[in-house]
Amino acid sequence: MRSGLDKGEIKRMPTATKPVPLGDRPAWKALQGHFEQIGGKHLRELFAADPGRGERYTAEADGIFLDYSKNRVTDETLKLLVQLAEESGVREKIEAMFRGDKINITEDRAVLHVALRAPKSESIVLDGEDVVPAVHAVLDKMSGFSDRVRSGAWKGHTGKKIRNIVNIGIGGSDLGPVMAYEALKHYSQRDLVFRFVSNVDGSDFAEAVQDLQADETLFLVASKTFTTLETMTNAHSAREWLLGQLSDETAVAKHFVAISTNAKEVGKFGIDTENMFGFWDWVGGRYSMDSAIGLSTMLAIGPDNFRAMLAGFHAMDVHFRTTPFEKNLPVLMGLLTVWYTDFFDAQTVAVLPYEQYLKRFPAYLQQLTMESNGKHVTLDGTHVTTQTGPIYWGEPGTNGQHSFYQLIHQGTRLIPCDFIGFYKTLNPLGRHHDMLMANVFAQAEALAFGKTAEEVKAEGVAEALIPHKVFEGNRPSNTILAESVTPEVLGKLVALYEHAVFTQGAIWNIDSFDQWGVELGKVLATRILGELESASAPDGSHDSSTNSLIERYRKNK
């Protein structure tokens with residue numbers, strides 16, 4: 001998804017203006033003293049002292065409602081956190097992103113995923129050129145192609161309609177499309193089958209196509225450079241599979257399209273470059289699901305629904321950019337994450353959607369959050385002085401309740417939770433949705449308030465069992481509510497987390513938009529691959545463990 005600069009280029013690149021170190025900011029110092037005063041306070045105490053807390057500690061934007069009252073904060077905490085955001089230049093950094101400044105400084109790139117969902121009437125100028133018309137030109141091309149495939153006007157090599165669509169990508173070229181397809185499956189065209197291949201493990205591809213017919217299958221190959229190792233390995237296997245059934249090289253042009261900008265490699269593969277959908281350097285992989293990378297999403301749900309999703313993204317963009325921090329949903333969520341990560345030493349955040357359609361949402365957020373903020377140096381290259389980038393994880397409710405909630409409720413670790421629920425279900429079925437939402441509210445209440453030894457004893461529990469049935473409570477959570485899982489709501493939810501991640505990174509003064517941490521393993525893997533496949537013995541230049549593993553694999557493969 002990106003072409004990295006070499007080390008020499010990084011050295012020549014100008015550094016950002018050095019801000020006041022995080023630990024020296026007045027609000028940070030005040031928060032340290034404040035934490036010593038309230039860090040041990042229980043949510044039971046906070047709610048008892050403020051009967052209106054549940055109504056006051058809320059915010060809403062464009063139909064997304066956030067209840068953050070079950071967090072271990074007071075008015076003073078929130079005031080100091082907002083002050084920290086101001087001292088950290090969050091407002092200025094937001095504006096820098098929206099106007100196209102090259103805030104990804106290690107790659108000298110703008111960060112303009114917000115342009116992907118900007119209306120035609122807007123203008124976003126980068127290097128003297130308005131990028132919005134180019135964005136809409138790609139969207140229009142995607143729409144025309146999607147309409148032809150969905151209607152059956154696009155025919156395969158033998159004249160049959162396309163019935164199967166296989167997206168081949170990895171990272172943001174897979175996680176976003178998979179998540180969006182599952183989230184919006186209710187709106188998908190059901191006579192089309194969608195599969196997604198990302199893992200270089202051959203089983204992923206083999207299982208994706210084992211029941212498909214080549215003359216009814218269309219492959220979408222998503223690789224900006226058309227050289228991504230895993231993606232192109234799978235793409236060439238797909239090509240061989242297709243030709244194994246159709247035995248005609250010209251068939252490739254009817255059964256493959258490319259999401260790329262490398263016309264030379266696309267053409268060499270056999271894909272008609274007229275069927276190549278491009279995007280730009282200022283689109284990061286984990287922020288690309290609303291670019292041409294979302295072609296599978298548009299094919300599934302149609303152009304109108306895709307544009308509704310973009311409108312949802314844009315609505316949250318406007319809210320993030322214009323709303324005071326005190327009522328700004330992404331800013332509040334980002335600040336609360338900083339609060340727990342750096343003051344309570346919380347190491348993870350659990351995202352718990354009570355909606356089966358969002359079953360892949362936590363996995364999608366793992367890349368968005370951890371690839372963005374898993375950084376150990378600040379923008380100027382000095383080592384950070386605080387924790388950054390908590391681990392995001394989760395599963396849909398109520399499944400998770402019968403899996404890992406035990407640890408959240410009674411374990412020794414503090415795990416802030418985001419509960420996501422909806423007023424209406426897309427599939428009304430008896431009492432199901434009321435039961436589902438009852439669990440949302442019950443879990444958040446139980447985590448916050450728990451059950452004391454006195455309450456357990458009053459229930460007549462045997463003395464020996466009382467310690468086992470005590471719930472300490474004081475476990476923080478947010479509750480996010482929206483009407484239902486629509487394309488527009490999905491766009492708002494994704495943008496909500498995008499901008500919360502941005503807020504965290506702005507506080508920590510790190511580059512949330514590069515990902516150099518993935519490079520070393522890739523380089524070593526390329527080297528080791530040659531050693532695994534070579535007829536001659538490896539030179540033994542690795543450490544003793546790696547050398548031994550390579551030798552054992554070569555003997556037993």
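1. Does Glu498 count as buried or exposed? The model is predicted, and in it Glu498 has a relative accessibility of 1%. Buried means under 20% relative accessible area, so Glu498 counts as buried.

2. Glu498 belongs to helix H21, which covers residues 487–508. Leaving aside residues up to four places away in sequence, Glu498 touches His113, Arg117, Tyr287, Phe313, Tyr364 and Leu368.

3. Strand E5 runs over residues 164–168 and is mostly covered, with five of its five residues buried. The cover applies to both faces of E5: Asn164, Val166 and Ile168 are buried on one side, and Ile165 and Asn167 on the other.

4. The pairing of E5 with strand E6 (residues 193–197) is parallel and comprises five bridges. In this pair, Ile168 stands opposite Val197 of E6.

5. An open sheet is formed by six strands, in the order E1-E2-E13-E12-E10-E11, with mixed pairing. Strand E1 (58–61) and strand E11 (391–393) are at the edges; each has a single partner strand, so one side of each has no neighbour in the sheet. From one strand to the next, the twist averages 15 degrees.

6. Within this sheet, strand E10 (residues 348–353) and strand E12 (residues 417–422) run parallel and are joined by four bridges. Pro353 stands opposite Ile420 in E12.

7. Helix H18, residues 432–449, lies across E12 and strand E13 (477–482). The direction of H18 is at about 155 degrees to that of E12.

8. The largest pocket has a volume of about 820 Å³. Its lining consists of 31 residues, and those that lie nearest the centre are Ile170, Thr228, Glu230, Val518 and Lys522.

9. Which helix gives the most to the lining of the largest pocket? That is H22, with six residues. At least two lining residues come from each of helix H8 (172–183), helix H10 (229–246), helix H16 (361–373) and helix H22 (519–533).

10. By residue class, the lining of the largest pocket holds 10 nonpolar, 14 polar and seven charged residues.

Definitions and conventions
Residues are numbered from 1 along each chain as its sequence is written. This is a predicted model: local features need pLDDT of at least 70, side-chain atom pairs count only at pLDDT 80 or more; totals for chains, interfaces and linings use all residues. Side-chain values use heavy atoms; hydrogens and water are left out. Two strands pair if DSSP finds at least two bridges between them. Axes are lines fitted to C-alpha atoms, for helices over the stretch in contact, and angles run from 0 to 180 degrees between N-to-C directions. Contact means heavy atoms within 4.5 Å. On a 1 Å grid over the protein atoms alone, a cavity is a set of points where a 1.4 Å probe fits but cannot get out, and a pocket is an open set with protein on both sides within 12 Å along at least five of seven lines; lining residues have an atom within 4 Å of a point. Grid points are joined across faces, edges and corners, and a volume is the space filled by probe spheres set on the points. Ala, Val, Leu, Ile, Met, Phe, Trp, Tyr, Cys and Pro count as nonpolar, Asp, Glu, Lys and Arg as charged, and the others, Gly among them, as polar. Buried means under 20% relative accessible area, exposed over 50%, partly exposed in between (1.4 Å probe, protein chains only).
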